[in-house]
Amino acid sequence: DPNEKQKKEQDQFCFQLGQVNVDKPEDGKKKRTFSGIAYSGEAITDHWYWDKVVFDLDSIQIKGRIPALLEHRTSQRAGAINSHSVSHAEGLKIEGNLLSNEFGTQVAQDSDDDFPWQMSVRIYPATVEEVKEGSVIVNGRTFQAPVAVFRGGRIREVSFCALGADDNTNAVAASHSPKNFNQPEDTNVTELEKAQAAQKQAETERDAAQSEL
C-alpha cells in the first residue's frame, strides 16, 4: 500500500510532546479551546528514529492557522491553532479551537472525563545538523553529542493522540532507510534537497554496480 509506505516514511518526523489542556466549557462561549506547550526547547530523548533531537526555536516556522488532527489523520480534523508564541524561556506555546464535529467533540468529551490526551507534532526540518562529537548551543542551552538539531523546522500539524508518536511508530522503525528525509516541500533547492539528490545518485550507482556483478 503506497499510502501506508508514505505514512511510515513520514512518521520519523512525529514527536510526542506531553499533555495538552482542553479548557472547560464556559457559558456564552460556543467553541471549546485548548492550549499547551507544543515544544519546551529541551531535547527530545529516546525517540525511536532520531534518539535525541532538539528543535531550533529561532528558526521554527508556523505559517497561518495549522490543523489540529486526531491521531495524525487528515480525515479526522479536530480543530485548528489560532495563535502561538515562541521564546527561549517558555518554548513554543499554542492556543486553538476545537471543531464542533465528531472528532472535536470526542476530544472535548474524553478530556472532560479526565482522559490524558497526548500532544504530538509533525515537523519537517529544512536542514538537520547531526552533532556527533562535543556539544552544541541551541535555544540558549548546551546539549551534549550525539544529538540531531532540526533547523528551520516547519510545523505542519499537531495532533491529539491516545498514545505518543514514539509508541505508535516504534514497530515500523526497521522499515526505514537511514535518514533519507523523504519530504516534498518547497521547490527551492535547499541543503535537504541536495542531500536527497546525492543519496539518489549513490543508490543508482550502487544498483548499477550490483547489476554488473
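The following legends describe close-up views of a predicted model.

In this predicted model, local features require pLDDT of at least 70 and side-chain atom pairs count only at pLDDT 80 or more, whereas totals for chains, interfaces and linings use all residues. Residues are numbered from 1 along each chain as its sequence is written, and side-chain values use heavy atoms, with hydrogens and water left out.

**View 1. The cysteines C14 and C161, whose sulfurs are too far apart for a bond.**
A disulfide is a covalent bond between the sulfur atoms of two cysteines; here the term is applied to a pair of cysteine sulfur atoms within 2.5 Å. A search of the whole structure finds zero disulfides. The cysteine sulfur closest to that of C14 belongs to C161, and the distance of 7.7 Å is too far for a bond. C14 is buried at a relative accessible area of 1%, and C161 is buried at 0%. Accessibility is classed with a 1.4 Å probe on protein chains only: buried means under 20% relative accessible area, exposed over 50%, and partly exposed in between.

**View 2. The cis peptide bond between A145 and P146.**
Omega of the bond joining A145 and P146 is about 0 degrees. P146 is found in the loop between β12 (141-144) and β13 (147-151). Strands (E, at least two residues) and helices (H or I, at least four) are DSSP runs, numbered from the N terminus.

**View 3. The buried lysine K52, which has no salt bridge.**
K52 lies in strand β5 (residues 51-55). Its nearest side chain of opposite charge is D51, 7.3 Å away. In assigning charge, Lys and Arg count as positive and Asp and Glu as negative, while His and the chain ends are not counted. A polar atom of the K52 side chain lies 2.7 Å from the backbone oxygen of Q144. Leaving aside residues up to four places away in sequence, K52 touches A43, I44, T45, Q144, P146, V147 and A148, where contact means heavy atoms within 4.5 Å.

**View 4. Positive phi at D46 and E71, neither of which is a glycine.**
D46 has a phi of about 60 degrees and is placed in strand β4 (residues 44-47). This residue is exposed, with a relative accessible area of 64%. Phi of E71 is near 60 degrees, and E71 lies in the loop between β6 (67-70) and β7 (73-87). At 26% relative accessibility, E71 counts as partly exposed.

**View 5. The aromatic cluster that includes F13, F150, Y49 and W50.**
A pair of aromatic rings is described by the distance of the centres and the angle of the planes. Rings of Phe, Tyr and Trp (its six-membered ring) pair if their centres lie within 6.5 Å; planes under 30 degrees apart count as stacked, over 60 as edge-to-face and the rest as tilted. The structure holds 13 aromatic pairs. F13 and F150 form a tilted pair, 6.4 Å centre to centre with 55 degrees between the planes. F13 lies in the loop between α1 (2-10) and β1 (14-19) and F150 in strand β13, so this pair ties together parts that are 137 residues apart in sequence. F13 is buried at 1% relative accessibility, and F150 is buried with a relative accessible area of 1%. The ring centres of Y49 and W50 are 5.1 Å apart and their planes stand at 70 degrees, so the pair is edge-to-face. Both Y49 and W50 are buried. One aromatic cluster is formed by F13, F15, Y39, W48, Y49, W50, F55, Y124 and F150.

**View 6. Salt bridges, including K24 with D112 and D56 with R151.**
A salt bridge is a side-chain nitrogen of Lys or Arg within 4 Å of a carboxyl oxygen of Asp or Glu. The structure holds seven salt bridges. In the bridge between K24 and D112, the closest N and O atoms are 4.0 Å apart. This pair links distant parts of the chain, 88 residues apart: K24 in the loop between β2 (21-22) and β3 (33-39), and D112 in helix α2 (residues 102-112). K24 is exposed at 52% relative accessibility, whereas D112 is partly exposed at 31%. K24, R32 and D112 are linked in a network of salt bridges. D56 and R151 form a bridge with their closest N and O atoms 3.5 Å apart. D56 lies in the loop between β5 and β6 and R151 in strand β13, so the pair ties together parts that are 95 residues apart in sequence. D56 is buried at 9% relative accessibility, and R151 is partly exposed at 23%.

Notes: Polar contact = N/O pair within 3.5 Å; in protein donor to acceptor, adjacent residues only side chain to side chain.
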